[in-house]
Amino acid sequence: MPPGRELVADACTRWNLPEAVGPASVVLSELVGNVVRHAGTPMQVTVTLRRPWLHLTVVDGSHAAAEPGRAGQRDEGGRGLLLVRELADRWGSAPTGDGKAVWATLPAN
């Protein structure tokens with residue numbers, strides 16, 4: 001299991017949120033994957049519970065905006081943030097001193 005997915009699964013298990021494991025794991029994997037593919041910088045991953053929301057945040061060292069791709073049906077990549085948009089209740093990005101934070105919230109039911 002990739003480290004991001006393991007982190008979410010462990011947190012959701014600890015917080016008794018079994019229904020959130022699948023969607024949250026996919027969302028965090030996509031956020032982490034975007035750093036690896038596009039930013040190429042060190043990152044900090046945070047998973048927090050603020051009922052009724054599960055908050056996922058990835059901070060990287062790139063100032064480039066996080067925007068959904070325009071992948072075609074036959075393209076292999078470029079759908080990560082589109083998937084995040086579909087699975088998360090809300091998502092966005094905000095500049096930080098050294099880069100940006102990309103975040104998503106999912107229901108913590």
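Threonine 96 stands opposite glycine 99, which belongs to strand β4, where strands (E, at least two residues) and helices (H or I, at least four) are DSSP runs numbered from the N terminus. This is a predicted model, in which local features need pLDDT of at least 70 and side-chain atom pairs count only at pLDDT 80 or more, while totals for chains, interfaces and linings use all residues. Residues are numbered from 1 along each chain as its sequence is written, and side-chain values use heavy atoms, with hydrogens and water left out.

Strand β3 (residues 90–96) pairs with β4 in the antiparallel sense over seven bridges, pairing being assigned if DSSP finds at least two bridges between two strands. These two strands, β3 and β4, form a hairpin with two residues between them. β4 also pairs with β2, again in the antiparallel sense, over eight bridges, and here tryptophan 53 stands opposite proline 107 of β4. Of the nine residues in β4 (residues 99–107), seven are buried, that is, under 20% relative accessible area with a 1.4 Å probe and protein chains only, whereas over 50% is exposed and the range in between is partly exposed.

Alanine 66 lies in the loop between β2 (53–60) and α3 (80–87), and it counts as buried because its relative accessibility is 17%. Not counting residues up to four places away in sequence, alanine 66 touches Leu81, Trp91, Ser93, Lys100 and Val102, a contact meaning heavy atoms within 4.5 Å.

In the protein as a whole, there are three helices and four strands, and their order from the N terminus is α-α-β-β-α-β-β.
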